[in-house]
Amino acid sequence: MYKFFKVKSLRPNPHSVQARLPEVYTKYVESLKQPPAPLHYIPETTKYKLDPEKNEKVRVENRDIPLKFPKEADEGIWGGEGVIQGFIKYKKKRRPLPNYWIPNLKKSVVYSEILNSYLDVTVTERTLKLIDEHKGFDHYILGTPVQDLQSQLALSIRRKLLLALVNKEKYHPDEETSKEVLEKYQKYAIPKEEAEWFGLTMREAVQKQRLLEEEIVPVPLKHTFRAKYLEELKKKASEPESAAEEEAPEQEESRIQSFISKMNPFAKKVE
């Protein structure tokens, strides 16, 4: 019989480009893995509750409903909603059948005040509700935690908004209006390095890292060795004179002559 073993998730090669990604991007990836806010259930605030049937305390277990996000979810903004997989029972005496609950999607137009443009996106009713609660599309995209967006399109738009705030890009024809808009959303601004790496997929981040490494011109080793050699010469020049240099000139001449005689093969040996 054949034995099947579970394959563990492979770690990136320490010599690969993925392993050399900056810490800013790794923190961003870790933030995406955080648990999102409860969506399809109301979590219990207490650890125990009273069971009316048994008339005794029962421990509460808050279990999130698993969601599935197809690739179409990254092309729209679903407000954190996803596809729910479960079972539905049509008749009492028959076994339940598998079923999928899909969010009600619709096309809508949203307005970005920072970019001064209208965006045609696929949304849900919950997305429109959240935009109204945040009092604007830009407030919703910038103020929502990263793990709750659940959309690559929303993350890309957020990256563009953050870069506009950092670089102070003016999308309005009037300078006063553009200045007021930038000051209005300045509380969401982050450092430029974080904004440049925010919202990138792993493939885009690897490509960006490769381009940055290609721009760095490698320094030949001969230049490094030459610099070290010059530093050593400067140290020797700054050091005080050694005892050998303080010797009498006659002793130094005799030592040089004896050295030359040893190197000369035709010189007579002194008995």
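Let's start with the largest pocket: 20 residues line it, and Pro 36, Ala 37, Leu 39, Gly 80 and Asp 148 lie nearest its centre. This is a predicted model, where local features need pLDDT of at least 70, side-chain atom pairs count only at pLDDT 80 or more, and totals for chains, interfaces and linings use all residues. Residues are numbered from 1 along each chain as its sequence is written, and side-chain values use heavy atoms, with hydrogens and water left out.

What do I call a pocket? On a 1 Å grid over the protein atoms alone, a pocket is an open set of points with protein on both sides within 12 Å along at least five of seven lines. A cavity is a set where a 1.4 Å probe fits but cannot get out. Lining residues have an atom within 4 Å of a point. Volume is the space filled by probe spheres set on the points, which are joined across faces, edges and corners.

The largest pocket holds about 310 Å³. Its lining has 11 nonpolar, 6 polar and 3 charged residues. Here Ala, Val, Leu, Ile, Met, Phe, Trp, Tyr, Cys and Pro are nonpolar, Asp, Glu, Lys and Arg charged, and the others, Gly among them, polar.

Now the second largest pocket. That one holds about 250 Å³. It has 15 lining residues, with Val 24, Tyr 28, Ile 190, Glu 194 and Phe 198 nearest the centre. Which helix gives the largest share of this lining? It is α1, with 6 residues. The classes are 10 nonpolar, 1 polar and 4 charged.

On to the rings. Phe, Tyr and Trp (its six-membered ring) pair if their centres lie within 6.5 Å; planes under 30 degrees apart are stacked, over 60 edge-to-face, the rest tilted. That rule gives 5 aromatic pairs. Take Tyr 28 and Phe 198: the centres are 4.9 Å apart and the planes at 55°, so this pair is tilted. Both residues are buried (under 20% relative accessible area; exposed is over 50%, partly exposed in between, with a 1.4 Å probe and protein chains only).

Tyr 111 and Tyr 118 pair too, with centres 4.8 Å apart and planes at 45°, so they are also tilted. Tyr 111 is partly exposed at 33%. Tyr 118 is exposed at 63%.

Back to Tyr 28. Ring pairs join Tyr 25, Tyr 28, Trp 197 and Phe 198 in a cluster. Lys 208 lies over the face of Trp 197, 5.3 Å from the ring centre (the rule: NZ of Lys or CZ of Arg within 6 Å of the centre and within 35 degrees of the ring normal).

Methods: Helices (H or I, at least four residues) and strands (E, at least two) are DSSP runs, numbered from the N terminus.
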